[in-house]
Each structure stands twice: as C-alpha cells, then as structure tokens.
Amino acid sequence: MAIGILTSGGDCAGMNPAIKQFVDHCFMKNVQPYLIYDGLEGLIDGDIKQADHKDVAGIIHLGGTILRSSRSKRFFQFEYRKQAFENLQKHGIDKLVILGGDGSFRALNQFYKDFGVQFVGIPSTIDNDIFGTDYCLGVDTALNIIRGATDAVRDTSASFKRGCVIETMGRDCGYLALVSAITCGAEVCIIPELEYNLDSLGLKLRSQIEHGRLYVVCVVAEGTKKTNDLVQWLENDVGIETRATTLGHIQRGGNPTVFDRLMATEFATFAVDKLIQNDNNEGLVVVYKDGQFEFVSIEHVNSQKYTISPNLLQMAQGMVH
Ligand code: F6P
C-alpha cells in the first residue's frame with residue numbers, strides 16, 4: 001500500500017509535525033509514504049516524491065509546511081482532477097491524507113466520487129471553524145502568537161495612556177478573537193457571533209478612565225470589518241487616543257506549541273491507521289470531539305456551520321456591553 005500526504009489552503013503551525021508523524025508511522029506499518037508538494041496544484045502537476053526519513057528529519061519544530069500549500073482553482077475542473085489521478089496511478093498511490101479546511105475536504109470528496117481514491121482529512125486551520133471537531137490543528141499556536149502580540153501592545157498602550165484595537169484573523173469566525181480577548185484580559189471583544197452595545201461600553205469605559213484606567217484593549221475579529229470604526233469610537237466617544245494593530249499572517253506562522261505537536265502526532269496516527277484498515281470508507285475526517293478522536297463523514301462536516309460553544313460566548317458578556 002502507498003499513501004500520499006498533502007497540505008492545502010491556509011497553512012498553520014502543526015502541519016510539519018503531522019507530516020513527520022505520517023512518514024514515521026507509515027514506515028512503522030510497512031506502508032510506503034509519498035509527499036505531494038504545493039497542495040492540490042502539485043497533485044495536478046505531479047509534484048510527488050517517495051518519502052524518506054530524511055525528508056522529515058528536523059522539521060518537528062518548524063512552522064508552515066515543508067510541503068507548501070495552495071488554493072487550487074484548477075482542481076474544480078474534471079480534466080485537472082483526471083490528470084491528478086493519473087499522477088497518483090503512476091506512483092501507485094492508493095490513498096491520501098490531506099491537511100486543510102472543509103474546502104479542501106470537499107475537493108477531495110469530489111475526487112473520491114470521480115476516481116474512488118480514499119482519503120482522511122485532518123482539520124487544520126487557525127480559524128477553528130470546522131463543524132464536527134472541537135479543535136483544528138494550529139489554533140493553539142495562533143492563540144499563543146496573538147497572546148504575545150497583545151501583551152506587547154498592552155505594554156506600550158499603558159505607557160502612553162492609549163487604547164489599542166487588535167484585529168485577529170479567523171475569516172467569518174470569531175473564535176480566535178474571543179479566546180484571545182478572554183485570555184488577554186481585554187476590555188472590549190467584537191466578534192460576528194455576539195451583539196454588542198457601544199453606548200453602554202463607552203459609558204463604562206469613560207467612567208473607568210475617570211477613575212484611573214490607563215489603557216483600553218479591544219480585540220476584534222477580522223470578520224466584523226469593524227477595526228477602523230472601533231478606533232474612531234475609542235478616540236471620539238470614549239476619548240482615548242488609540243492605535244490599531246492588524247496582526248495578519250504573523251498568526252499563521254511560528255513554531256508549533258507542544259499542544260499542536262501532540263495533536264498533530266495523534267491526528268496523523270489515527271489517519272494512517274484508518275487508511276490501513278482498508279474498510280472501503282469514502283472520504284473521512286478525523287475529528288477531536290469531547291476529548292476523543294473519531295471519524296466523521298465529509299457530509300457530516302459540511303452539514304452545519306461551526307458554532308462557538310455558548311459557555312465560551314458567555315465569558316465575553318462583560319466585553320460586549
Ligand atoms: O483560513 C485561514 C486564514 O488565515 C484566515 O484567517 C484569513 O482570513 C485567510 O486565511 C487569509 O488568506 P490568505 O493567506 O490567502 O490571505
């Protein structure tokens with residue numbers, strides 16, 4: 001048996017430890033691992049290599065993905081999927097492991113329907129927005145990067161008696177901003193999932209400033225598109241000089257945390273073992289749910305939109321009005 005691995009869509013810390021474990025575990029199970037470079041684009045172009053231990057030596061601590069990634073438009077077209085299938089046939093690759101988000105899983109599910117290539121998806125995105133799993137690879141590292149950046153911006157905000165608006169990534173999901181606001185002690189948290197009231201927040205902050213508050217930390221999710229409005233509000237209504245920091249792609253890189261390395265190792269081990277069992281399952285995703293690893297169908301992952309746990313949302317009530 002031969003299994004290929006690829007990384008697709010937005011990269012995240014934890015991909016490299018997963019790639020390493022994939023290769024090591026395949027060898028342990030007498031399966032030939034293959035590395036597919038540049039995501040689905042590399043599958044189409046045949047950028048595929050038989051893996052060796054030395055390909056994955058010394059990568060466990062590296063952010064990003066040594067396999068590189070892409071967001072492929074060509075893979076939507078049958079002719080390119082056919083070319084990709086022929087490339088797999090040339091190498092005798094029967095099955096695939098893909099690290100990515102639900103868009104990548106949907107693409108491989110179509111590939112399965114076209115050519116019957118089984119695969120297991122490993123949820124990998126800093127956005128933590130995949131339905132069916134409590135955790136996506138890369139989230140812990142991204143949160144720690146946001147924590148470090150927010151702590152640093154708070155230092156300088158306090159020195160200058162300023163407000164700061166920290167914009168996090170997350171696409172349409174407010175998970176990164178919410179957890180960061182809670183764990184960084186923000187005064188304001190603006191995310192798509194929560195209604196907020198700037199009038200009552202403003203009243204509270206003005207009173208706190210009168211009583212000696214030196215700075216205001218406001219964490220905002222990129223999906224709200226409210227970063228500039230919040231700066232204006234803090235300056236004009238709350239009356240505190242304010243700077244905005246858009247963290248951007250810094251959140252996607254960096255050395256994977258211990259938690260992401262461990263999750264990567266477990267996700268990859270479960271994925272390979274499932275494919276070796278050869279029980280003719282179609283596309284599956286290995287998820288982490290209620291403290292357990294399990295497998296769900298692509299249909300399940302696509303059946304609903306991810307929602308943040310109500311308990312976590314409840315924690316932010318003091319930061320929205
Ligand atoms: O999905 C991961 C993510 O980093 C989002 O948080 C962000 O909106 C998007 O990707 C950025 O994409 P790109 O790297 O293509 O600019």
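Across the interface of domain 1 and domain 2, the rule finds 1 residue pair in polar contact, with both residues at pLDDT 80 or more; such a contact is a pair of N or O atoms within 3.5 Å, where, within protein, one atom must be able to donate a hydrogen and the other to accept it, and residues adjacent in sequence count only if both atoms are side-chain atoms. By class, the side of domain 1 that touches domain 2 has 1 nonpolar, 3 polar and 3 charged residues (nonpolar: Ala, Val, Leu, Ile, Met, Phe, Trp, Tyr, Cys and Pro; charged: Asp, Glu, Lys and Arg; polar: the others, Gly among them). This is a predicted model, in which local features need pLDDT of at least 70, side-chain atom pairs count only at pLDDT 80 or more, and totals for chains, interfaces and linings use all residues. Residues are numbered from 1 along each chain as its sequence is written, and side-chain values use heavy atoms, with hydrogens and water left out.

The contact (heavy atoms within 4.5 Å) takes 7 residues from domain 1 and 9 residues from domain 2.

Side chains of opposite charge can pair when their charged atoms come close. A salt bridge here is a side-chain nitrogen of Lys or Arg within 4 Å of a carboxyl oxygen of Asp or Glu. The domain interface holds 1 salt bridge by this rule, and a search of the whole structure finds 19. Arg171 and Asp127 meet in a salt bridge, at 3.9 Å from N to O. Asp11 forms another with Arg252, the closest N and O atoms being 2.7 Å apart. Asp11 lies in the loop between strand E1 (2–7) and helix H1 (15–28), and Arg252 in the loop between strand E9 (242–246) and helix H9 (258–277), so this pair ties together parts that are 241 residues apart in sequence.

How values were computed
Helix = DSSP H or I, 4+ residues; strand = E, 2+ residues; numbered from the N terminus.
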